[in-house]
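Here are some notes to go with the model you asked me to look over.

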Amino acid sequence: MIVKAAEGLDDDAIPAWQRRSVQRSLSSARARAHARSDRFVAAATHLLRERGSTDFTVQDVVERSGMSLRTFYKYFESKEDVLAAAYETVVAREAVPRLRQRIEKFRDPMLRLRAYVEGLVDLTSKTGPGGRALISYQNRLSESRPEALAAAMRPQFDLLVELVADIARTRPLRRGLTPEAAARLTHYT
């Protein structure tokens with residue numbers, strides 16, 4: 001009855017204890033949802049690395065995760081969704097930290113940018129079958145789901161903008177060229 005009475009009221013009209021209890025409940029549910037979706041992404045990533053391709057099914061991901069097909073579809077619309085999530089996870093948790101580690105060895109902004117570019121070359125050339133599958137998938141994403149690719153690449157792009165902005169503080173960029181535009185040109189080159 002209290003919940004019914006609270007519907008339609010602004011947050012200030014809901015008792016503090018009730019807001020706290022709802023927040024605790026939502027925090028717990030949110031943590032479980034993160035853990036479940038992470039299991040599917042980890043399973044897809046393992047399959048990519050094992051097989052060296054995206055030639056696996058949703059059922060393969062479900063079996064590898066140890067969860068149900070129904071649960072999979074609560075979190076992902078399709079195999080493409082879980083693959084995009086796996087790609088985004090690899091970029092954010094593996095590629096960007098490796099690039100950061102490589103560039104932090106240098107103080108000079110131009111040397112830092114060079115280390116970034118060399119790091120990218122190393123990441124793509126010295127990768128195993130799973131990495132090649134991800135690179136191939138990146139090309140497919142650029143055509144089929146450019147917005148998903150942009151979201152996945154955001155951490156890497158932000159790092160590049162940071163590097164170009166550091167250069168711009170010591171060496172002026174071409175007139176009218178912002179660090180973001182210069183980073184975009186570098187990124188797509």
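1. Which residue's side chain does D81 join through a polar contact? The partner is R145, at 2.6 Å between the two side chains. By polar contact I mean a pair of N or O atoms within 3.5 Å; within protein, one must be able to donate a hydrogen and the other to accept it, and residues adjacent in sequence count only if both atoms are side-chain atoms.

2. Some ground rules before going on. This is a predicted model, with local features needing pLDDT of at least 70 and side-chain atom pairs counting only at pLDDT 80 or more, while totals for chains, interfaces and linings use all residues. Residues are numbered from 1 along each chain as its sequence is written, and side-chain values use heavy atoms, with hydrogens and water left out.

3. Back to D81, which sits in helix α5. Helices here are DSSP runs (H or I, at least four residues), numbered from the N terminus. At 18% relative accessible area, D81 is buried; the classes are buried under 20%, exposed over 50% and partly exposed in between (1.4 Å probe, protein chains only). Leaving out residues up to four places away in sequence, D81 touches F76 and R145, where contact means heavy atoms within 4.5 Å.

4. Now the charged pairs. A salt bridge is a side-chain nitrogen of Lys or Arg within 4 Å of a carboxyl oxygen of Asp or Glu, and by this rule there are 11 salt bridges. One of them joins E80 and R140, with the closest N and O atoms 2.8 Å apart. E80 lies in helix α5 and R140 in helix α7 (residues 129–144), so this pair ties together parts 60 residues apart in sequence. E80 is partly exposed at 24% relative accessibility, and R140 is partly exposed at 34%.

5. For a local pair, look at R169 and D166, whose closest N and O atoms are 2.3 Å apart in a salt bridge. Both lie in helix α8, three residues apart, about one turn of the helix. R169 is exposed, at 63% relative accessible area.

6. Helix α3 (residues 58–65) has V58, V61, V62 and S65 as its buried residues. Why do they share a side of α3? They do because they cover an arc of only 100 degrees around the axis, the arc being that of the directions from the helix axis to the C-beta atoms. What covers them includes α2 (16–51), α4 (69–75) and α5 (79–103).

7. T57 caps the N-terminal end, with a side-chain oxygen 3.3 Å from the backbone nitrogen of Q59. After the helix comes G66, whose phi is positive, near 75 degrees.

8. Finally, the largest pocket is lined by 38 residues, with Y87, L120, Q138, M153 and Q156 nearest its centre. Elements giving two or more residues to that lining are α5, α6 (109–125), α7, α8 and α9 (179–188). A pocket here is an open set of points on a 1 Å grid over the protein atoms alone, where a 1.4 Å probe fits, with protein on both sides within 12 Å along at least five of seven lines; lining residues have an atom within 4 Å of a point.
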